[in-house]
Amino acid sequence: MAEGMCSLLLLSLLLLCIVGSCELCHAWWNKDFCYDDEFCPGAVDYDTRGGPVAGKLNVHLVSHTHDDVGWLKTVDQYYVGSNNSIQVAAVQYILDSVILALQEDPNRKFIYVEQAFFQRWWREQSKHKRKIVKRLVKAGQLEFINGGWCMHDEASTHYIDMIDQTTLGHRYIKKQFNKVPRIGWQIDPFGHSAIQAYLLGAEVGFDAVFFGRADYQDIAKRRIDRTMEFVWQGSRTLGSTAQILGGVLNNRYSPPDGFEFDIQSAEPPIQDNPLLYDINVQEHVDSFVKFAVEQGKDFRTNHIMWTMGDDFTYENANTWFKQIDKLIHHVNKDGRVNAFYSTPSIYVDANHAENVTWPLKLDDFFPYADCPHCYWTGYFTSRPTLKRYVRQLSAYLQVARQLEFLIGKSKVGPTTDSLEEAMAVLQHHDGISGTEMQHVADDYAKRLALGAAEAEELVGSVLPILLSSKLEACYEKEINAGSGDTSRSPPEMSDSPVNKDTLLKVQQCALLNISYCPPTEADIVSGKSLVVVAYNSLGWAREELIRIPVTNSMLEVKDSKGNVIPSQLVPLSEGSEKVRNIYINGGSQNKDLIFYLVFYASVPPFGYNSYFVTTSMANNPNQARKSSVEKLDSGAVVLKSHDLTLTFSRNGQLMHFENHRTKTNASIEQSYCWYNASDGNTNKSRLQASGAYIFRPNSSTCFPIQDPDNYAPLKVIRGTLVDEIHQEISPWVFQVVRLVKTSEHVEVEFVVGPIPIEDELGKELVTKLRTNISSVGEFYTDSNGRDFVKRVRNYRSDWNYNVTEPVAGNYYPVNLGLYLKDNEKEVSLLVDRAVGGSSLTDGELEVMLHRRLLHDDFRGVDEALNESICIGNGVPCQGLVVQGQFFINIHPVGNAARWRRTQGQKIYSPLQLAFAVIPETNHSTITTPEFSSLIAGYELPPNIVIITLQELDEKNLLLRLAHIYEANEDAELSQVATINLENLFAHRKIDKLLELSLSANQLRSKMKTLKWKHESGAQMVGSPIRGARIKDGQFSIEIAPMEIRTLSIKFKNDN
């Protein structure tokens, strides 16, 4: 039977050959069958060797996958491959498949980025598999690019968090593979910051950074001018000392059309088997050459890069590698261009060898638009409560690390590791950006909460030891057990000689931001004291007003020396009560009358101070003073501090600001309004709605919320320490304007939401600040909380800007603040979280505080940004309520930087409070009520902050010191500062000191980044200044403006 079938098949083929219609006849005529090891006509030994060839157009084929650390699915769902009804993606199988495919051909190469996934995978691998992977990494077949825990966002992230997440990923790569990533790979974030270029690029030790998204107008101009690649100087202060090669990828981060080879692709694979129908090799080769030649016209050298991959590709890696093998073989056989497996590192080295002069890029790549009415500026504000939670826990992580260092990192107890990883995950460009699906946002918040709970347990275990002086006992135990060395080293917490059952029980209040704190609201019975411990994570002494909710109105406050200090009782605002009722009481009215007890706390640097709150007898002159409360519905209102006078209109709008000390006065008006979010049904760019990513108002009109003729009476609160004005601007907008008596700035606390949508209109809420400053279209926004970048309305520095969206196209990311100025004055507005902001009219600033939208913006999420609060218990779900703060100040021109920088640090690093109850007459459990880890009497200069103080597993301390001023920003503080590091450690002695790269994965002295020639045009502030190298055996360090020095410190007696 089989023989008959074969004869019939052969006869059919012979007949086809006779009529000339069979492509296979030649192969079958010369070779009937293949037996055993014979070479068959359809078999090819693909030649995948190769590298750059002089005189040819070289196409670097970079195999990669872009794996979002959460987006449509949670990070764990993406890893294991669950919830595939939303998206088919499983990173564990991508890595499994790639490792197998790389072993089949030593010429194949692959790059990988996200360590959040790779480390999950690595922990599951056998020793044998790990050896294979290490061999592939050593051979250069598998290369780690970027190397952070995630591919972080560049708009809503704070520079400290960006550094932390990058360091975490780099630490693992260094420890496991002894490799240092060379290239930045920010291919998917929606705009790119100056900080990414000079800080997370050059200062990390990268030679280049590539990204896939830039404004559509910008890209069109760059293609014409052949400026797709450029030398990027992101810092006006550091200039050429922190420059890097930047590059916009040709096709975002996908291959050209027709070369998508994923298992799910609808595009035809390369068919080169002569025994089969539909041979298409030449078509693919011709198409390859055509695309390559066209792309080559946009670039300056004979090297171009193709990104062979996309989102979550290579789950079946063979489908990619087999096709790329064929491409390389047949394209090189054709000979018109040269193709080979490559990596971004190889590509950069090849470009560097060409020794060409590159165009120069300054500032940043914000805002980003991918079509005339598609500005990705909405995500600057999307999910404002998640953005605030991230910022709050960023500061708390620094506190927990400092305390962990003081007592020694535990091997068995709670650590900061979980919070560090959770925070690293949230920096992802679909995390803190607010552009993820709702269930993913919930997962992010859960991760943060679990990490924070462990860090809180750590803080709660360390503070009692410090308060009881047991830390000294621990040090002494180590000294006595040693060789007589009088230096002090911290013990492991588990080795402490302290009986932990006798220690103070300390509580913390994670919900103080919504005026809820059980230990302070509990009745303070007679004979007991409520201890308030205020911890200061900054290196400067601070005196600030503390606010805690209480239910007892007869209280007095004493400092750590037993002196009675002034205090005041302030009623909660209607907005604060509303938030408490929603989140704490399940929507019910609070039963107890809640006050804020406010008093000044004076706290040493890197330390704490304790305050004692007790009940007071009636008519006691030391009792906390009750605020006077008056309701006003007519006439102007004036609030005064020692230096400020604020004037408000009868409906509560701030009208005038006067600083008597600086002799500055300005008319100023603060208000709220909302933009009507486009639903996409417009004559221009139909179906482009406002959504999680995109901000697109229906018009430039911002609709006022407050009716000037119909307003609720003001509640004016006056007292000895602070005055406030409480306003109900509308049923969904509440505000408190607060003026502390010793302050020179205005603090505004807002509660907004639920944004009403009964009219079926999405709304984007902003607050506006109007002044008489003549700003001539210019304003300034911060870059990731660090440098300030000049913005010009309706203008782009790199191309002739065509204005299509006059509002959204002028919005920029804000993390620290924004300001504008004229020849006389500067007005500044600082924020407590990432937001979007602008100046759409001269003399005016605005920031977006909240968004509630009813339509998706067609960028992949497929959900409207309509966050809800669902508290259960039969209470209907309602729209999200947001509570927050911003700060306003006006200075003579040139004098505002000091306030912005100092106040900005205090906003980022607020005093962290902890509470305990002890007998009023027996304070023996608190023998160290005040503490600083610095040498007595020392504090850091006002231009220097410690942004990292973290004990690593190897008992080394990772320390980062940052200069927070730009060159020429302040006459006194924009100078080099010198720090004696020994002053930072009162209880320990430094043994060894090494300076590292920013991400702490290599010695600074060993960093050898490539030097690039560029065209003229740099607009630097004088010549760049750098602090001198640290000399051997010396522990003093210089820090120049905008420098961050990263150090590894080993202490004496640390084993």
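In the predicted model, helix H10 and helix H11 (residues 317-334) pack at an angle of about 75 degrees. Their axes lie 10 Å apart. Angles of 65 to 115 degrees count as roughly perpendicular, and H10 and H11 are therefore roughly perpendicular to each other. On the H10 side, the contact is made by Val-281, Gln-282, Val-285, Phe-288 and Val-289. H11 contributes Leu-327, His-330, Val-331 and Asp-334. An α-helix has 3.6 residues a turn, so residues three or four places apart point the same way.

Helix H9 spans residues 216-225. Its buried residues are Gln-217, Asp-218, Ile-219 and Arg-222. These buried residues pack against three strands: S6 (229-233), S7 (243-248) and S11 (360-361). The N-terminal end of H9 is capped by Asp-215. A side-chain oxygen of Asp-215 lies 2.8 Å from the backbone nitrogen of Gln-217. Just after the helix, Arg-226 takes a positive phi of about 55 degrees.

Side chains of opposite charge can pair when their charged atoms come close. Here, the side chains of Arg-223 and Asp-298 meet at 2.8 Å, N to O. Arg-223 lies in H9, and Asp-298 lies in the loop between helix H10 (281-296) and strand S8 (303-308). The pair therefore ties together parts that are 75 residues apart in sequence. Arg-223 counts as partly exposed, at 26% relative accessibility. Asp-298 is buried, with a relative accessible area of 12%.

A search of the whole structure finds 64 salt bridges. One of them joins Asp-349 and Arg-182, again at 2.8 Å, N to O. Asp-349 belongs to helix H12 (residues 344-353). Arg-182 sits in the loop between helix H7 (159-177) and strand S4 (183-185). The two parts tied together by this pair are 167 residues apart in sequence. Asp-349 is partly exposed, with a relative accessible area of 35%. Arg-182 is partly exposed as well, with a value of 25%.

Another salt bridge joins Arg-401 and Glu-420, at 3.1 Å, N to O. Arg-401 lies in helix H13 and Glu-420 in helix H14 (residues 417-426), so the pair ties together parts that are 19 residues apart in sequence. Arg-401 counts as buried, at 1% relative accessibility. Glu-420 is buried too, with a relative accessible area of 6%. The pair belongs to a network of salt bridges that share partners. The network joins Asp-164, Arg-171, Arg-401, Glu-420 and Arg-960.

The next feature is a sheet. Strands of a sheet pair through backbone hydrogen bonds, either parallel or antiparallel. This open sheet has four strands in the order S43-S44-S49-S46, with antiparallel pairing. Strand S43 (944-951) and strand S46 (990-996) are the edge strands, and each pairs on one side only. The twist averages 25 degrees from one strand to the next. Helix H13 (residues 384-407) packs on the sheet and touches S43, S44 and S49. The direction of H13 makes about 60 degrees with that of S43. Within the sheet, strand S44 (residues 957-963) and strand S49 (residues 1044-1051) pair over six bridges, in the antiparallel sense. Leu-959 has Leu-1047 of S49 as its bridge partner.

A further antiparallel pair is formed by strand S12 (residues 528-536) and S41, which are joined by eight bridges. The bridge partner of Leu-530 in S41 is Val-917. Strand S41 covers residues 912-919, and six of its eight residues are buried. S41 is therefore largely enclosed by the rest of the structure.

Asn-889 is placed in strand S40 (residues 882-892). Residues under 20% relative accessible area count as buried. Asn-889 counts as buried because its relative accessibility is 0%. Its side chain reaches the backbone oxygen of Glu-744 at 3.2 Å. Neighbours within four places in sequence aside, Asn-889 is in contact with Phe-657, Glu-744, His-745, Glu-826, Val-827, Ser-828 and Trp-899.

Note on methods. Residues numbered from 1 in each chain as written. Predicted model: local features only at pLDDT ≥ 70, side-chain atom pairs only at ≥ 80, totals over all residues. Heavy atoms only, no water. Buried < 20%, exposed > 50% of the residue type's maximum accessible area, 1.4 Å probe, protein only. Contact = heavy atoms within 4.5 Å. Polar contact = N/O pair within 3.5 Å; in protein donor to acceptor, adjacent residues only side chain to side chain. Pairing = 2+ DSSP bridges. Axes fitted to C-alpha atoms, helices over the stretch in contact; angles between N-to-C directions. Salt bridge = Lys/Arg side-chain N within 4 Å of Asp/Glu carboxyl O. Parallel < 35°, antiparallel > 145°, perpendicular 65-115°, else oblique.
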